[in-house]
Amino acid sequence: MKVILLGPPGAGKGTQAARIAEKLQVTKAASGDLFRNNINNNTELGQLAKSYMDRGVLVPDDVTIKLIMDWVDGAEQASGFLLDGFPRTLGQAGALDRAMSDKGGLDLVLYINVPNAELIRRLAGRFICRDCQTPYHESFSPPKAAGVCDNCGGDVYQRDDDKAEVVGKRLEVFFAETEPLVEYYRKAGNLKEINGEASIKDVGDAIEAVLS
Ligand code: AMP
């Protein structure tokens with residue numbers, strides 16, 4: 001299975017991704033996590049990505065497409081994969097389609113849809129692990145010990161781009177650049193829309209029903 005998770009920031013893509021990858025027995029990558037790993041390791045790519053991410057805008061297509069295509073071409077992804085946060089532009093979607101054209105194409109695009117007001121509420125309370133990037137929310141899914149990741153013991157912090165000043169810009173960018181992909185994949189015939197407003201468990205169950 002080659003699956004894409006599409007949705008606005010705060011829709012719960014990262015939260016659902018681990019469960020989906022486990023269910024499908026495929027590897028997963030989140031473009032945002034790959035950029036943040038590069039920032040943590042202070043690579044040239046990380047420095048470049050940070051200059052865009054801090055402003056809540058997208059990293060340019062050429063850089064992003066290369067990063068993801070290198071991952072998709074990896075041996076572990078040959079039997080399937082889950083992509084979270086890529087593609088985010090029509091240019092990225094076209095590049096992925098071309099790369100998949102001789103591999104049977106994409107199987108499924110899961111679009112997690114959540115109204116704007118709810119997204120803002122969720123993003124304001126979101127925290128992630130600095131090391132393994134597991135997402136948390138201060139009210140809905142807090143770590144067992146404050147500030148400590150349940151998964152790896154890493155430091156749980158609020159991303160700079162989840163702060164109120166940047167969140168509005170990220171949502172604006174989503175509606176301008178990424179939302180057109182919903183129509184693109186609907187026309188391609190492989191889009192499934194999930195109501196992401198429900199609880200983490202109910203959204204997970206709805207996704208599982210689609211996967212089954
Ligand atoms: P995320 O962790 O998915 O919310 O992404 C955080 C930030 O990383 C975004 O606001 C963008 O600046 C950058 N980013 C992640 N994925 C992409 C992508 N597919 N294309 C361009 N920029 C991206």
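In this tour, contact, or touching, means heavy atoms within 4.5 Å. The model is predicted, so local features need pLDDT of at least 70 and side-chain atom pairs count only at pLDDT 80 or more, while totals for chains, interfaces and linings use all residues. Residues are numbered from 1 along each chain as its sequence is written, and side-chain values use heavy atoms, with hydrogens and water left out.

**Stop 1: aspartate 107 and asparagine 190**

Select aspartate 107. Helices (H or I, at least four residues) and strands (E, at least two) are DSSP runs numbered from the N terminus; aspartate 107 sits in the loop between helix H5 (90-100) and strand E4 (108-113). Leaving aside residues up to four places away in sequence, aspartate 107 touches Met1, Lys2 and Asn190. Buried means under 20% relative accessible area, exposed over 50%, and partly exposed in between (1.4 Å probe, protein chains only). Aspartate 107 has 37% relative accessibility and so counts as partly exposed.

Is asparagine 190 buried or exposed? Its relative accessibility is 16%, so asparagine 190 counts as buried. Leucine 110 is 80 residues from asparagine 190 along the chain, and their C-alpha atoms are separated by 8.5 Å. The contacts of asparagine 190, not counting residues up to four places away in sequence, are Leu106, Asp107, Leu108, Val109 and Tyr185.

**Stop 2: the two domains**

Colour the chain by domain, with bounds that come from an automatic or database domain assignment. Domain 1 takes in 2-116 + 165-211, and domain 2 takes in 125-162. Taken over C-alpha atoms, the domain centres are separated by 20 Å. In the contact between them, 14 residues of domain 1 meet 11 residues of domain 2.

Next select arginine 170, in helix H7 (residues 164-178). Arginine 170 has a relative accessible area of 9% and is therefore buried.

**Stop 3: H7 against H8**

Show H7 and H8 together. Axes are lines fitted to C-alpha atoms, for helices over the stretch in contact, and angles run from 0 to 180 degrees between N-to-C directions. The axes of H7 and H8 are 5 Å apart, and the helices pack at an angle of about 35°. From H7, Phe175, Ala176, Glu177 and Thr178 meet Pro180, Leu181 and Val182 of H8.

**Stop 4: H2 and its neighbours**

Go to helix H2 (residues 31-40) and helix H3 (residues 44-53), whose axes come within 7 Å and cross at roughly 120°. Angles under 35 degrees count as roughly parallel, over 145 as roughly antiparallel, 65 to 115 as roughly perpendicular and the rest as oblique. H2 and H3 are therefore oblique to each other. Which residues of H2 and H3 meet? On the H2 side they are Gly32, Phe35, Arg36, Asn38 and Ile39, and on the H3 side Leu45, Gly46, Ala49, Lys50 and Met53.

Keep H2 and bring in H4. The axes of H2 and H4 come within 11 Å and cross at roughly 100°, so H2 and H4 are roughly perpendicular to each other. Here Ser31, Leu34 and Phe35 of H2 make contact with Thr64, Leu67 and Ile68 of H4.

Select the buried residues of H2: Ser31, Gly32, Leu34, Phe35, Arg36 and Asn38. Their cover includes strand E2 (27-30), H3, helix H4 (61-72), strand E3 (81-84), strand E5 (126-129) and strand E7 (156-157).

**Stop 5: backbone details**

Asparagine 42 is in the loop between H2 and H3. Its phi is positive, about 55°, although asparagine 42 is not a glycine. With a relative accessible area of 53%, asparagine 42 is therefore exposed.

Glutamine 133, in the loop between E5 and strand E6 (135-137), is a residue other than glycine with a positive phi, near 65°. Its relative accessibility is 8%, so glutamine 133 counts as buried.

Finish at proline 87, in the loop between E3 and H5. What kind of peptide bond joins phenylalanine 86 and proline 87? The bond is cis, with omega about 0°.
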